[in-house]
Amino acid sequence: MATPAVLVDVGRLDRNLHAMAASTARRGLALRPHVKTHKSIEIARCQLRQGAAGISVATLGEAETFAEAGLGEIFVAYPLWIDQERAPRLRALAGQVRLTAGVDSLASVHQLAAAVRRHAKLEVPVRVLVEVDCGLRRSGVAPADAGRVAVAAARAGLAVDGVFTFPGHSYAPGMPARAAADEAAALADAADSLAAAGLPCPVRSGGSTPSAAQAAGPGDGGPVTELRPGVYAYNDAQQVILGSCTLDEVALSVLATVVSTPAPDRFVLDAGAKVLGYDRPAWVPGHGLLPAFPEATVTGLWEHHAVAVTGAGPRPAVGDRVVVVPNHVCTVVNLVDELHVVRDGQVVERWPVDARGRNS
Ligand SMILES: Cc1ncc(COP(=O)(O)O)c(C=O)c1O
């Protein structure tokens, strides 16, 4: 196998999928996994077989890939702006699957409703969830404003199912529990805002991988009804460092070859940013973890080089193969055409990345 190559350990993948399915079911939470992590039809089918209520995607392109494969329940968890190019695509999707879209402004509500209205044959309305911000300070209205957006959507003929939020500020040491608490508070306030406007709010959707274990669902008397984690399927270095998984639960890694050892404390791998991605939050020590060389740090990344310093540990030799656990798995998957599937230590098949590059 030529390197760099992306490996998937199916045993670990299966265990990760089962663990999240069981943990959400036990707590009375619906699971609507975000498939932008794996972009794989087979893995999404597996998640549905294990009880997922549907899938979440980030783009219409991802939705199209999964709709064409016959998946019928899709939430675009994104504040969609339906311009002229997207309107026919959205209408086609809405005629094909039970489609839910994210909205977080009156302008996007009107744009979406206008795109749907132009389709006379559309019997099933597009459903919407209003996005609220629970602390990430990305997209989403303040929870108290959710009712205003929901009323506009209902008046425009869209079916309002409730609200969603992304507690992405869970991505820092010590933050998952606080982000889960913020998520619960924001979803409860947003549901109150809809109730004050006379609208029910049956769906209160949250979930990031680091905060998923602490989400306040029905089993804990909390307001969250469903979770949309994605990374948990494969896990990555960020999750290991945050404590949401162990190294043994990381199902995707990059196999690289040592191409140079220019100094006694330094070695260079053939996996650069074009495979590992550039993601590196300040709290992550390097550009990926090296399980076989725990004292080494990947200090530098170029397009086709990763430079590692050994610390007090040993140095591999030129030609050795080294496994790298990437910092952020979603970007790695989007960078490669296929994955090498490993079962019991052997590469047994290759999987395509079905929705690779479907980012618009
Ligand atoms: C809106 C939304 N929902 C769910 C997720 C999945 O969370 P995670 O990547 O932590 O698994 C993401 C990730 O970026 C997201 O943006």
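Visitor: What volume does the largest pocket have?
Guide: About 520 Å³. Keep in mind that the model is predicted.

Visitor: Which residues are closest to its centre?
Guide: H34, K36, R138, F166 and H328. They are among the 25 residues that line the largest pocket.

Visitor: And which strand gives the largest share of that lining?
Guide: Strand β4, residues 73-79. Three residues of the lining come from β4.

Visitor: How do the lining residues of the largest pocket divide?
Guide: There are 11 nonpolar ones, nine polar ones and five charged ones.

Visitor: Why does the largest pocket lie between domain 1 and domain 2?
Guide: Because both domains give residues to its lining. Domain 1 is 10-233, and domain 2 is 247-352.

Visitor: Switching to the ligand. How many residues surround it?
Guide: 14 residues. The closest are R138, Y171, T209, G230 and V231.

Visitor: R138 again! How far is its side chain from the ligand?
Guide: An N or O atom in the R138 side chain is 2.9 Å from an oxygen atom of the ligand.

Visitor: What about V231, and which part of it is involved?
Guide: The backbone. A polar backbone atom of V231 is 2.9 Å from a ligand oxygen atom.

Visitor: How much of the ligand's accessible area does the protein cover?
Guide: 92%. On its own, the ligand has 390 Å² of accessible area.

Visitor: New topic: cavities. How many of 30 Å³ or more are there?
Guide: One. The largest cavity holds about 40 Å³ of space.

Visitor: How would anyone spot empty space like that?
Guide: A probe the size of a water molecule is rolled over the atoms, and this shows where empty space is left.

Visitor: Which residues line the largest cavity?
Guide: E131, V132, D133, C134, L136, R138, S139, T165 and F166. By class, four are nonpolar, two are polar and three are charged.

Visitor: Last topic, the backbone. Where is the cis peptide bond?
Guide: Between T3 and P4, with omega about 0°. P4 is in the segment before β1 (5-9).

Visitor: And what is the phi of K39?
Guide: Positive, about 50°, although K39 is not a glycine. K39 sits in the loop between β2 (30-31) and α2 (41-49).

Visitor: Why point those two out?
Guide: Because most residues other than glycine have a negative phi, and most peptide bonds are trans.

How values were computed:
Residues numbered from 1 in each chain as written. Predicted model: local features only at pLDDT ≥ 70, side-chain atom pairs only at ≥ 80, totals over all residues. Heavy atoms only, no water. 1 Å grid on protein atoms, 1.4 Å probe; cavity = no way out; pocket = protein on both sides within 12 Å on 5 of 7 lines; lining within 4 Å. Points joined across faces, edges and corners; volume = space filled by probe spheres on them. Helix = DSSP H or I, 4+ residues; strand = E, 2+ residues; numbered from the N terminus. Nonpolar A, V, L, I, M, F, W, Y, C, P; charged D, E, K, R; others polar. Domains from an automatic or database assignment. Near = heavy atom within 4 Å. Polar contact = N/O pair within 3.5 Å; in protein donor to acceptor, adjacent residues only side chain to side chain. Areas by Shrake-Rupley, 256 points an atom, 1.4 Å probe, with all protein chains shown as cover.
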